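These are my notebook entries on a single structure. I set down what I looked up, one topic at a time.

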Amino acid sequence: MKVLIAALLLFSLNAQAEKMKDFTLPIHQKSEKFHLQEEVKKKKVLLNFWATWCTSCIHELPKLEALKEKYSDSVTFVSVNAGEKDNLIERFQRKYKFSYTMLKDEDRSFSKSLGVDSLPVTIVVDKDMNVIYRDVVPPTSL
């Protein structure tokens, strides 16, 4: 009986897995757009929501870069800027180097639709559009 209850509980937890909605956002300083559903066909996608004024966002950059170095073969790393002007983003990029694709959520409507009300937030999405990680800090492994 205990095994049956445990199996039902595990099934119900898996059935409740959060699905990521598909989205398209502009890539900073490019005419191209990022389309999530196309990218997850290739590899998992790590989305990091940030802003230039966010000190926690700055502190987590080395952790994110280390993860990218270790997992870039199996994960696409993407940052989502929270509605800031290009000149602020560019100044930030010059000061704090990071090497992943930067998307622009110009009016924060995408962030808000995901419940991203404070920064930073990191979300990892698998090939089936399941959210497999969501927290205010980057994961320790992927």
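**Entry 1: a helix.** I began with helix H3, residues 55-71, in this predicted model. I noted that H3 has 17 residues and reaches 25 Å from its first C-alpha to its last, close to the 24 Å expected at 1.5 Å a residue. I then looked for a bend and found a kink of about 40° at leucine 61, shortly before proline 62.

Which residues of H3 are buried? I listed Cys57, Glu60, Leu61, Leu64, Leu67 and Tyr71. I recalled that an α-helix has 3.6 residues a turn, so residues three or four places apart point the same way. I next looked up the partners of H3: its buried residues pack against strand E3 (44-50), strand E4 (75-81), helix H4 (86-95) and strand E6 (121-125).

**Entry 2: a cavity.** The largest cavity holds about 40 Å³ of space. Which residues line the largest cavity? I wrote down Asn48, Trp50, Cys57, Glu60, Leu61, Leu64, Ser79, Phe98 and Tyr100. H3 gives the largest share of this lining, with four residues, and E3 and H3 each supply at least two. Sorted by class, the lining has six nonpolar, two polar and one charged residues.

**Entry 3: a tryptophan in the lining.** I turned to tryptophan 50, one of the lining residues, and located tryptophan 50 in strand E3. Is tryptophan 50 buried or exposed? Its relative accessibility is 3%, under the 20% cut-off, so I counted tryptophan 50 as buried. Beyond its neighbours within four places in sequence, tryptophan 50 is in contact with several residues, including Cys57, Ser79, Phe92, Phe98 and Leu119. For serine 79, 29 residues away along the chain from tryptophan 50, I noted a C-alpha separation of 7.1 Å.

**Entry 4: the backbone.** I reminded myself that most residues other than glycine have a negative phi, and most peptide bonds are trans. I then found that the peptide bond from leucine 119 to proline 120 is cis, with omega near -5°. Proline 120 lies in the loop between helix H5 (109-113) and E6.

I also recorded a positive phi, near 60°, at glutamine 29, in the loop between strand E1 (24-26) and strand E2 (33-35). Methionine 129 has a positive phi of about 70° and lies in the loop between E6 and strand E7 (131-135). I noted glutamine 29 as exposed, with a relative accessible area of 58%, and methionine 129 as buried, at 8%.

Key
Residues numbered from 1 in each chain as written. Predicted model: local features only at pLDDT ≥ 70, side-chain atom pairs only at ≥ 80, totals over all residues. Heavy atoms only, no water. Expected span 1.5 Å × (residues − 1). Bend = angle between axes of the 7 residues up to and from the residue. Buried < 20%, exposed > 50% of the residue type's maximum accessible area, 1.4 Å probe, protein only. Contact = heavy atoms within 4.5 Å. 1 Å grid on protein atoms, 1.4 Å probe; cavity = no way out; pocket = protein on both sides within 12 Å on 5 of 7 lines; lining within 4 Å. Points joined across faces, edges and corners; volume = space filled by probe spheres on them. Nonpolar A, V, L, I, M, F, W, Y, C, P; charged D, E, K, R; others polar.
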